[in-house]
Amino acid sequence: MNTVIPGLVLRYVLLYTRNAVRLIELIFWPAVDLMVWGFLTMYLQQNTSGQFPQFITFLIGAMIFWDVLFRAQQGLAISFLEDVWTRNLLNVFVAPVRPVDYIAATAIVGLLRVAVTVLVLMLLAWGAYAFRLWDFQVLLIPFFANLLVFGWSLGMVSVSLILRWGQAAESLAWAVPFLIQPVSAVFYPVSVLPPWLQPVAMALPSTHVFEGMRAVLAGNPLPHGELLAACGLNVVYLAAASVLFAITLQSARERGLLVKIATH
Amino acid sequence: MAGDVILEVSNLRKEFEGRAAVEDLSFRLHRGEILGLLGVNGAGKTTAMNMILGLISPTSGSIRAFGMPMPGRRTAILRRANFCSAYAALPSNLLVHQNLTVFGLIYGVKDRRRRIDSLLELLEIGHLRDRVTGQLSSGESTRVNLCKALLNRPELLMLDEPTASLDPDIADKVRTTLRQVQREEGIGMLYTSHNMRDIEEICDRVIFIHHGKVLAEGTPADVVARSKHESLEEMFIELARATRRSE
């Protein structure tokens, strides 16, 4: 039985559970975001004479969905940085760990991060705004899964950037998802974007997920077209991110960058 | 040499931006042998070790461990090897036994708990089992790192300055333990150090590297006898000073 992936996952779980700050970080920022967006939408609803009755549903749903993408990406990027910060990268890369084991383990950590954050947000949204995400759960699960996969692709891109440019690129671990946020139609429909930007938005799986999410939350049937587009694009992005990671890792080995990052 | 060859390095070369860090390095390591790689800072010994570990790709030349090519069979080789360095740490907020359990899983060690406990006892740090790794002294950390390096009963052990920053008493204990496991388990070891006493005491054979090239090779006594120096340390100091003058 291959125990490499369980070993790596155990390591990251212990890193989180033995550090209260890391655990709080998993919950604190999403909770703050939820409060801000929740109160903002309540204010808008009160001052627009009920013209936008679904504001709360859309914005809180979007906020929770965005966190799925962000946490999945962070699972990969921050796990890699944890190894850099703890000077443990060398020990991991001289162990019989294949790149695919490493990515799989960090992707599982991303999934665990998402599970914790979404559970907390769902409960908070229910308590504070009577928003019950689980009412839509069966229809929303395929969109959740697509965001998770896209988050992993973005995580691999972030790790590749750090491998290439070292700790100078550390801030990109947080910035990468936000680079695509404006064109992902997270909090507004794609039609709001200028026409020249809409094709860019439609080339991202996240855009189709958020469009599909709004349709489901509005009580419409599952938008199969959006779901298929998200799945197809995700296959392309996951393959491209995997190739980028493999090339960057090989290049880091050739240029000695892996050792440099690991012993910095 | 009695044991079979477990590591064969042939004409290894590494260039960084056109500058050679390792040039035409060739050697063999036999089972149960401790081979020291010596050299001043920047001589190329750590680069050579990193290439053997698959962390750096060679520009040319070949590396074969247990008859398998590196990096072609990287995972299979690393399953039978291990590494300890003064420059690599274990996560500081985990307990000692948690860190060792994680690496026990990564290396697929059977009966992990018993193996961890026996290694902690061997290195006389059984009392540190439930301590936070980041709160250990450097001597204690080094011995915990050595536990990690011995977890999978490696046939090839690479040690990059394992006694750096240790006091003489702990350094002596570490050397004694390494000699003991090398005798009992027939481990082949590749050892780099700046501490010539370390090298003279522990190594069966040494390779002196300078500017990425092999300068001298043989038993520590042979290397000293063939040079005009009194000891390895004297040879090392003269080389280091000559290097600094030429820079």
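# Reading a two-chain predicted model

Me: Start with the interface. How many residues of chain A are in contact with how many residues of chain B?
Reply: Contact means that two C-beta atoms, placed from the backbone, lie within 7 Å. By that test, 28 residues of chain A are in contact with 26 residues of chain B. This is a predicted model: local features need pLDDT of at least 70, side-chain atom pairs count only at pLDDT 80 or more, and totals for chains, interfaces and linings use all residues. Residues are numbered from 1 along each chain as its sequence is written, while chains are lettered from A and ligands numbered from 1 in the order in which they are written.

Me: Which helices of chain A supply the side that touches chain B?
Reply: Helices (H or I, at least four residues) and strands (E, at least two) are DSSP runs, numbered from the N terminus. Helices H1 (4-17), H4 (89-93), H10 (224-255) and H11 (257-262) of chain A each supply at least two residues. The largest share, 8 residues, comes from H1(A).

Me: How do the residues on that side of chain A divide by type?
Reply: Ala, Val, Leu, Ile, Met, Phe, Trp, Tyr, Cys and Pro count as nonpolar; Asp, Glu, Lys and Arg count as charged; the others, Gly among them, are polar. The side of chain A that touches chain B has 14 nonpolar, 8 polar and 6 charged residues.

Me: What scores does the model carry?
Reply: ipTM is 0.88 and pTM is 0.87. Where pLDDT is low, the predicted coordinates should not be read in detail. Chain B has a mean pLDDT of 90, with 97% of its residues at 70 or more.

Me: Where in chain B is confidence lowest, and where highest?
Reply: Helix H9 (residues 232-246) of chain B is lowest, at a mean of 76. Helix H3 (residues 96-106) of chain B is highest, at 97.

Me: How many residues does the largest nonpolar core have?
Reply: First, burial. A residue is buried if 20 or more other C-beta atoms lie within 10 Å of its own, exposed if 12 or fewer, and partly exposed in between; the C-beta atoms are placed from the backbone. A nonpolar core is a set of buried Ala, Val, Leu, Ile, Met, Phe, Trp, Tyr and Cys residues joined through C-beta atoms within 7 Å. The largest one here has 153 residues. A:Leu147, B:Ile52 and B:Met158 have the most contacts inside it. Helix H3 (residues 55-85) of chain A gives the most to this core, 16 residues.

Me: What does A:Leu147 touch?
Reply: Leave out residues up to four places away in sequence. Then A:Leu147 touches A:Phe65, A:Val68, A:Leu69, A:Ala72, A:Ser206 and A:Val209.

Me: Is A:His208 buried or exposed?
Reply: A:His208 counts as buried because it has 29 C-beta neighbours inside 10 Å. A:His208 sits in helix H9 (residues 205-217) of chain A. Beyond neighbours within four places in sequence, A:His208 is in contact with A:Glu226, A:Ala229 and A:Ala230.

Me: Now the sheet in chain B. What is the strand order?
Reply: Strands of a sheet pair through backbone hydrogen bonds, either parallel or antiparallel. Two strands pair here if DSSP finds at least two bridges between them. In chain B, 6 strands form an open sheet in the order E6-E7-E8-E3-E9-E10, with mixed pairing. The edge strands, E6 (81-85) and E10 (213-218) of chain B, each pair on one side only.

Me: Which way do E9(B) and E10(B) run?
Reply: E9(B) and E10(B) run antiparallel, joined by 5 bridges. B:Ile209 has B:Val214 in E10(B) as its bridge partner. The two strands form a hairpin with 2 residues between them, and B:His211 in the turn has a positive phi of about 50°. By contrast, E3 (residues 34-38) and E9 (residues 205-210) of chain B pair in the parallel sense over 4 bridges.

Me: What joins B:Met70 and B:Pro71?
Reply: A cis peptide bond, with omega about 15°. B:Pro71 lies in the loop between strand E5 (68-70) and helix H2 (74-79) of chain B.

Note on methods:
pLDDT is the predictor's confidence in each residue, from 0 to 100.
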